[in-house]
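Subject: Structure handover

Hello,

Here is the structure for you to take over. My notes on it follow below.

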Amino acid sequence: QKLLILSLRSASRGASYPLASATRPRAGAEAMPAMELMAAMGLAGMEVFRYNRENYEFDQDQRFTRDEVRLKMQVELFNLFREDIRDLVELTTSKMNLYHLVGALFLKMICIFFCEGFFEAAVPPFLLCFYYVSQGCSAVYLLFAVWLSMHASVSSHSYSTRVLTRFVRLPIPGSEQINVLNARYADFENQGGQMLRIPFLKDNNRWQDRPEMESKKAKAADKAAAKAKALPAPGETSPGGTQKVAADYLGKGAFAYGGDQDMLGFEEELLKAVEFRTQRHIQLFRRLQAQWQCYDAYARVCMSLGIRMMLQGTSYYLLGLCWVQVNMPYVASVLALIFQALALNIATLDIHGVNDLSLIGALPCFCGILALAVAERSLSGDLEPEQRYLLTLMMYPLEVLWFELLHWLASPMGDNGFLPRQFRAVLF
């Protein structure tokens with residue numbers, strides 16, 4: 001700048017005294033235009049260098065901000081994955097806690113029946129037999145439901161903890177990955193011709209990051225291939241150095257409905273089983289779900305069978321109480337039919353495709369009602385103590401047939417999970 005000012009002053013003096021300049025030529029006057037040109041070029045080069053350095057600082061700040069946001073979004077993404085695992089496990093634990101509570105309440109009711117459900121009058125032996133056997137079977141099934149639900153809840157919670165602590169972890173960058181994100185002025189000195197790029201005459205600056213420069217140094221013999229080489233893949237070590245590029249787990253991003261494409265306007269496809277839309281952590285959860293899914297399924301099956309047997313035993317208890325002890329046959333028949341209808345509805349809701357076959361479970365109670373209706377009575381209306389109830393012989397094979405049908409429906413299917421697919425609650 002001082003050289004340029006001096007040259008301008010000398011030029012102005014020569015213009016003020018043209019005659020003196022013409023009559024008295026000075027030594028080195030011919031070199032002044034070259035010096036002025038060199039000074040102007042030096043000043044222009046310094047401004048270009050300063051511009052490119054500020055551009056480098058701005059670009060590196062933008063790159064660091066972008067990478068910082070990317071790392072934060074990766075942490076938020078894996079937080080979402082961890083919440084997905086917790087929500088999926090909550091489906092099992094919440095159901096199992098509910099089964100555990102309901103099964104314990106029903107077990108309490110069974111204990112009350114056994115401890116206080118006695119008949120004051122003499123009832124037919126078949127009623128006592130079916131009443132106690134039904135209540136006993138109900139207690140066994142409910143006890144299994146409570147135990148299986150407890151085991152499924154504990155197992156699912158333990159496996160989810162294993163997944164969260166060992167597999168689905170937050171992608172916290174290490175010191176090597178963070179060290180790659182920063183920039184030094186020494187890196188700017190290694191940019192070569194990019195430091196003197198003339199604005200508006202060339203393309204935008206393509207700054208070389210540290211891993212790329214180290215890769216080029218390692219392959220100095222092939223400079224052309226090194227210039228065309230892209231940055232190392234995310235999560236991989238640089239070919240020529242020990243620095244490690246921060247891994248990128250975001251990919252192309254995720255839409256609001258999930259998956260690889262926008263589902264806006266196609267929400268009906270969400271109701272279909274689209275396996276390709278599942279993430280890796282969901283697939284990992286499904287593999288681990290096989291460790292407790294059978295306990296979850298058969299807890300629901302045992303709960304359904306236990307409630308069905310409890311309703312069956314309650315029907316027999318009402319027949320003995322209202323018909324035999326109180327001598328109110330119509331009330332006993334209506335109450336027994338109501339409980340059998342309730343048992344049929346529960347079986348229809350729990351079991352898929354058993355609408356007509358569910359009538360088999362009500363036939364033993366109907367046979368008991370017919371046997372009491374045609375039984376011999378005394379003049380006072382009481383049942384004769386010494387008589388045979390031949391119709392009740394049909395109750396035993398019908399009860400066995402219904403149980404065999406339920407056990408066949410509760411048998412595991414031949415898939416990977418070995419689950420009783422006929423029960424609707426298992427599908428959830």
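Start with Trp-292. Leaving out residues up to four places away in sequence, Trp-292 touches Thr-92, Ala-152, Ser-155, Ser-156, Tyr-159 and Phe-285. Keep in mind that this is a predicted model. Trp-292 sits in the loop between α9 (280-289) and α10. Its relative accessible area is 1%, so Trp-292 is buried. His-151 is 141 residues from Trp-292 in sequence, yet the two C-alpha atoms are 8.0 Å apart.

One of the partners of Trp-292 is Thr-92. Thr-92 belongs to helix α3 (residues 32-116). Thr-92 is buried too, with a relative accessible area of 3%. Beyond residues up to four places away in sequence, Thr-92 touches Ala-152, Ser-156, Trp-292 and Asp-296.

Now the overall picture. The protein has 13 helices and zero strands. Of its 428 residues, 37% are buried. Among contacts with a separation of 6 or more, 72% join residues 24 or more positions apart. The accessible surface is about 26400 Å². Carbon and sulfur atoms hold 63% of that surface.

Next, the cores. The largest nonpolar core has 25 residues. Phe-126, Leu-127, Tyr-316, Leu-319 and Leu-372 have the most contacts inside it. Five elements are listed as giving two or more residues to this core: α4 (125-166), α10 (293-325), α11 (329-350), α12 (359-373) and α13 (395-409). The largest share, six residues, comes from α10. Look at Leu-127 in particular. Setting aside neighbours within four places in sequence, Leu-127 is in contact with Tyr-316, Leu-319, Gly-320, Val-324 and Leu-372. There is also a second, separate core of 17 residues. Met-96, Cys-302, Ile-307 and Met-310 are among its members.

Then the helix packing around α10. How do α10 and α11 pack? Their axes are 8 Å apart, at an angle of about 175°. Angles over 145 degrees count as roughly antiparallel, so α10 is roughly antiparallel to α11. On the α10 side, the contact includes Ile-307, Leu-311, Leu-318, Leu-319 and Trp-323. On the α11 side, it includes Leu-335, Phe-339, Leu-342 and Ile-346. The contact residues divide into 15 nonpolar, six polar and two charged.

What about α10 and α12? Here the axes come within 11 Å and cross at roughly 10°. An angle under 35 degrees counts as roughly parallel, so α10 and α12 are roughly parallel to each other. From α10, the residues involved are Arg-308, Gln-312, Ser-315, Tyr-316, Leu-319, Trp-323 and Val-324. They meet Gly-361, Ala-362, Pro-364, Cys-365, Ile-369, Leu-372 and Ala-373 in α12. This contact divides into 10 nonpolar, three polar and one charged.

Leu-319 is worth a look on screen. Leu-319 is among the residues with the most contacts inside the largest core. Leu-319 also takes part in the contact of α10 with α11, and in the contact of α10 with α12.

Best wishes

Definitions and conventions: Residues numbered from 1 in each chain as written. Predicted model: local features only at pLDDT ≥ 70, side-chain atom pairs only at ≥ 80, totals over all residues. Heavy atoms only, no water. Helix = DSSP H or I, 4+ residues; strand = E, 2+ residues; numbered from the N terminus. Buried < 20%, exposed > 50% of the residue type's maximum accessible area, 1.4 Å probe, protein only. Contact = heavy atoms within 4.5 Å. Areas by Shrake-Rupley, 256 points an atom, 1.4 Å probe, with all protein chains shown as cover. Core = buried A, V, L, I, M, F, W, Y, C linked by side-chain atoms within 4.5 Å. Axes fitted to C-alpha atoms, helices over the stretch in contact; angles between N-to-C directions. Parallel < 35°, antiparallel > 145°, perpendicular 65-115°, else oblique. Nonpolar A, V, L, I, M, F, W, Y, C, P; charged D, E, K, R; others polar.
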